[in-house]
Amino acid sequence: MNVGILTFHFSDNYGAALQAYALRRWLTEQGHHARFIDYRPAHIEHGGHLSMPTSPAKLKANLKVVYLAASSFLHQHFGHQGQKEKFVKFREHFLGIPGGTAPSDNDESLAQARSFDLIVAGSDQIWSPSQHYGFDPNYFLDFAQSFPARKISYAASFGRDRVSPSEASQLPGLLRHFDAISVREASGVTLVEQATGQTPANVPDPTLLHNNYAELTDRTPSADADPYLFCYGLRSPDNIRQTADLISKHLNCTILSPHNPHRRWVEIGRTVHPDPGEWVSLVKNARFVVTNSFHGTVFALLFRKPFIVAGLTGDKATANARAINLLRAVGLENRFTPAFSAQQVKALMASEIEWADVDLRLTALRQAGDTFLSTQLKAVARHTQPEGQPHE
């Protein structure tokens, strides 16, 4: 059958690219045709439109728009050209998105989704309300309410463990378009329950649907012959810098940090510019992983790497919910450090991880994802079966 995926497939972000790759790969491995709905809203990475600053909240929203627009301009014109080309080639080869083509008109791309048998919203933080835009109804499939396709979410994330009262009041109307809902975090289960009165499925991020990434790693040899610590930090250098520095000194190895176009701080260790496949290889071959990223945590678990999740601090701490939920699910919540503590870091370095138990829990998560998606595909098959044909 024909499956449309609506997610952040267009972002030069490792987690976004890898979750898109993993969901499409799972669907194609089941024998289906899966492609991305080429919706690329300006507000995600380019800021979008300014509004009249009639309140402090709108003034802050305008500042966010200006920041995103400036960051996008700098990345586009002064960013690392080799890395940008690597993302284009990765999307072309692994996501089935032709390189060198201009993005489709958003309205046209959404309208073309009428031809799909199944539309999947997710995964990633597609339901995270931004400061400057709020919820995007299209990621709740508002545009497809009259389309004949079955409409589901897979591992959609709110990106946080709570939303504001005004945002919560919008959710019942936004969620009404789905035939089935699944979310990535346990905190998302609660938000959907409060909005709909129904309990959604709790499924893993698409990257956890697979335990073999040889397709990516075998094509990219280890980037560094010498032992290294892999440090992947987003949003803030607080906690993660001190943690990485302490561990690298203890292990006597260098720090490799993938380039982050939104970084506003002095680099941590040595900056490298991998494509998403090379990024996965860097995790696989690292001696130790320090991250504050959800997907950094995912691949440390998949490759059984000793790791620490150095939590974001201050007003960014709400974004820790994604990694904490995952760590709790695999019984490793103790690998999270809410703030830098040399004593805690040293204790975690000395602590062995019971990987056999972690693998069992990851297998259970994978089975939950397989079951949800397989059930939805069967529901589509029953709905589209010609009259007179017996159901299996």
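The structure is a predicted model.

The chain contains 14 helices and twelve strands. Of its 392 residues, 52% are buried. The accessible surface amounts to about 17,800 Å², and carbon and sulfur atoms account for 51% of that area. Contacts were also sorted by separation along the sequence. Among contacts between residues at least 6 apart in sequence, 76% join residues that are at least 24 apart.

Strand β3 (residues 118-121) runs parallel to β4 and is joined to it by four bridges. Within this pair, Leu 118 has Arg 150 of β4 as its bridge partner.

Phe 36 belongs to strand β2, which spans residues 33-36. The relative accessible area of Phe 36 is 7%, so this residue counts as buried, the cut-off being under 20%. Beyond its neighbours within four places in sequence, Phe 36 is in contact with Ile 5, Thr 7, His 9, Ala 20, Arg 24, Leu 95 and Ile 97. Val 3 lies 33 residues from Phe 36 in sequence, and the two C-alpha atoms are 8.5 Å apart in space.

The other sheet to be described is also open and consists of six strands in the order β9-β8-β7-β10-β11-β12, again with parallel pairing. Here the edge strands are β9 (residues 270-272) and β12, and each pairs on one side only. Strand β8 (residues 254-258) pairs with β9 in the parallel sense over three bridges. Ser 257 has Thr 271 in β9 as its bridge partner. Helix α9, formed by residues 240-251, lies across β7 (residues 228-232), β8, β10 and β11, and runs at about 165° to β10.

Strand β11 (residues 307-310) has partners on two sides. Strand β10 (residues 288-291) runs parallel to β11 and is joined to it by three bridges, with Thr 291 opposite Val 309. Strand β12 (residues 336-337) is also parallel to β11, and two bridges join this pair. In that pairing, Ala 310 stands opposite Thr 337. Helix α11 (residues 294-302) forms a right-handed β-α-β unit with β10 and β11, and helix α12 (residues 321-329) forms a right-handed β-α-β unit with β11 and β12.

In a regular strand, side chains alternate between the two faces of the sheet. Both faces of β11 are covered. Phe 307 and Val 309 are buried on one side, while Ile 308 and Ala 310 are buried on the other.

Nonpolar side chains tend to be buried together in soluble globular proteins. In this model the largest nonpolar core has 65 residues. The residues with the most contacts inside this core are Tyr 154, Tyr 213, Phe 230, Trp 279, Phe 299, Leu 301 and Phe 307. Helix α1 (residues 14-29) provides the largest share of the core, with nine residues. Another core, of 34 residues, lies apart from the largest one and includes Trp 127, Ala 156, Phe 178 and Val 189.

Val 189 is also one of the buried residues of helix α7, which spans residues 186-196. Just after α7, Gly 197 takes a positive phi of about 80°.

Technical notes: Residues numbered from 1 in each chain as written. Predicted model: local features only at pLDDT ≥ 70, side-chain atom pairs only at ≥ 80, totals over all residues. Heavy atoms only, no water. Buried < 20%, exposed > 50% of the residue type's maximum accessible area, 1.4 Å probe, protein only. Pairing = 2+ DSSP bridges. Right-handed = clockwise from strand over helix to strand, strands pointing away. Contact = heavy atoms within 4.5 Å. Areas by Shrake-Rupley, 256 points an atom, 1.4 Å probe, with all protein chains shown as cover. Axes fitted to C-alpha atoms, helices over the stretch in contact; angles between N-to-C directions. Core = buried A, V, L, I, M, F, W, Y, C linked by side-chain atoms within 4.5 Å.
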